[in-house]
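Please examine the sequence and the structure before reading on.

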Amino acid sequence: MSQSILPTIVDLSGQTSAGVYESNRGNFTVKLLVLHDTVGSTQYPDRNNLGVDIAGYQSRFNTTLRWLQGDGGVSAHYLIGPEALGGNIYRICQEGWVAYHAGGSANWPSSWHAPDGTFYQGNVNGVGIINWISIGIERWGSVDETPGPKQTAALLALATDIARRHNLTPGQIVSHKELEGDRQDGVTLLAAVRAAISQAQAPANQPTAPAAPVAQNPAPAPAAGQPSNSPSDLIGAGLNKLIDFLTPKGTTNAPTNAAGTQNPVYIGGTLSQGVAGVVPYLGAGVVKNNGTIIRDKPANDAQALRNLNQGTTLRLSAYTDKGSNSGTGTRWYLIDAADGGGWIYGGALN
Ligand SMILES: [Zn+2]
C-alpha cells in the first residue's frame with residue numbers, strides 16, 4: 001500500500017484578516033471536511049487552462065489568495081494553488097480557527113446530515129454551525145475541468161492527513177454543493193478523496209501485530225447500506241460520543257426531536273446575535289425547578305418566552321458570562337433551537 005507524502009504547507013495564516021474567521025472553536029470539534037473548487041467560491045475564473053503564462057497564473061492566484069484572506073469576506077483553512085504553479089498547499093486559517101467557508105446565507109442556509117444521524121443547521125453567534133464543526137479546503141479550479149496531477153496528489157495527501165488526525169470517515173467528507181443549494185463546487189475530486197481516506201483506514205493498512213485478545217465488545221456488523229467502520233473509526237466515534245454526548249445512533253434512549261423521531265437534531269442557536277461574550281458550547285443541562293423562565297436575552301428583565309419544569313433536559317448551543325446577575329452569577333446558557341431556543345441562567349441548571 002502506498003502512503004501519500006504530505007507536501008510542505010506554506011503557512012500564510014498570519015496574513016489573514018480577523019474578519020473572516022473566529023479564532024477558536026469553543027468546545028466544538030471537527031466533524032466534517034468540506035471540499036471546494038475556487039470557481040464557485042470566488043468571483044474569478046480560476047481555471048487551470050486559462051492559456052496564460054506563469055506570471056499570468058501568479059498574478060491571478062495572488063488575487064484569489066487575497067479574496068480568501070479577507071477581500072471576499074470568506075475564507076478557508078487551505079488553498080491548493082494552480083497546477084501551473086506546482087499545486088502547492090497554502091494554509092489560510094489554522095485548523096483551530098472557524099473559517100467562513102460554508103456558513104450558508106439567509107436564502108440558502110447550510111446544513112448537513114451527519115453519518116451518526118445528527119442534523120446540523122443554523123447559526124451560533126452569527127456564524128453558520130457548519131463552520132464551527134468543519135475544515136475547508138479550496139482547490140484552484142473549476143468543476144468542469146480535470147485537475148492536474150500535482151493538485152490531485154496534494155489534495156489527496158492533505159485530506160487523508162486531516163481525516164486521520166480528526167478521525168473522519170469517508171462519510172464525513174463532503175462537497176460544498178452537498179451543504180448549500182446555490183453552490184456547485186467541491187465535487188471535482190470528492191470521490192477520489194473519499195476513496196483515498198477509505199484506503200488509508202483499511203485494516204490492511206494497520207501495522208501487523210500478534211493477534212489481539214478477543215475483543216470484549218465486538219463491533220456489531222454494519223447495517224445494510226451503511227459503510228463499515230475500521231477500528232480507528234470506532235475509537236473516534238467513541239471519543240466523539242464522550243465529547244458531545246449527542247445521541248449515539250441506534251440506541252433506544254436517544255433524545256427525540258420535536259417530530260418524535262429518533263434522529264437527533266442540532267440546529268444551533270438563533271438568539272445569540274447581539275449578545276455580549278457569547279462562547280459556542282455543545283452540552284446539556286437539566287432544569288432544577290418548576291416554572292423556570294426562559295428569556296429571549298440573557299437578562300432578568302428580558303422577554304419571557306416560556307416556562308420549563310424540573311427535570312427537563314436541554315441541549316445547549318452557547319453561553320455568556322456577561323448576562324445579568326441572576327443571584328447565582330452572570331452565566332446564562334443559550335438553549336439549542338432544536339429544544340426551543342432562548343436563554344436560561346446557569347443557576348437554573350444541573
Ligand atoms: Zn465553496
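## Terms and basis

Two residues are in contact when heavy atoms of theirs lie within 4.5 Å. The model is predicted, and local features need pLDDT of at least 70, side-chain atom pairs count only at pLDDT 80 or more, and totals for chains, interfaces and linings use all residues. Residues are numbered from 1 along each chain as its sequence is written, and side-chain values use heavy atoms, with hydrogens and water left out.

## The nonpolar cores

Leaving aside neighbours within four places in sequence, Leu 32 is in contact with Trp 112, Ile 130, Ile 133, Ser 134, Ile 135, Leu 168, Gln 172, Val 174 and Leu 179. A nonpolar core is a set of buried Ala, Val, Leu, Ile, Met, Phe, Trp, Tyr and Cys residues joined through side-chain atoms within 4.5 Å. Buried means under 20% relative accessible area, exposed over 50%, and partly exposed in between (1.4 Å probe, protein chains only).

The largest nonpolar core has 29 residues, and Leu 32 is among those with the most contacts inside it, as are Phe 28 and Trp 132. Elements that each supply at least two residues include β3 (32-37) and β14 (278-286); helices (H or I, at least four residues) and strands (E, at least two) are DSSP runs, numbered from the N terminus. The most comes from α2, with three residues. In soluble globular proteins, nonpolar side chains tend to be buried together.

## A buried aspartate

Asp 37 is found in strand β3. Is Asp 37 buried or exposed? Asp 37 is buried, with a relative accessible area of 2%. Its side chain makes a polar contact of 3.1 Å with that of Arg 139. Such a contact is a pair of N or O atoms within 3.5 Å; within protein, one must be able to donate a hydrogen and the other to accept it, and residues adjacent in sequence count only if both atoms are side-chain atoms.

## Sheet and helices

Strand β3 also belongs to an open sheet of six strands, in the order β1-β5-β4-β11-β3-β12, with mixed pairing. Two strands pair if DSSP finds at least two bridges between them. The edge strands, β1 (9-11) and β12 (173-175), each pair on one side only. Strands β4 (residues 78-80) and β5 (residues 89-91) pair in the antiparallel sense over three bridges.

Helix α3 (residues 149-166) lies across β1, β3, β4, β5 and β11 (134-139), running at about 175° to β11. Axes are lines fitted to C-alpha atoms, for helices over the stretch in contact, and angles run from 0 to 180 degrees between N-to-C directions.
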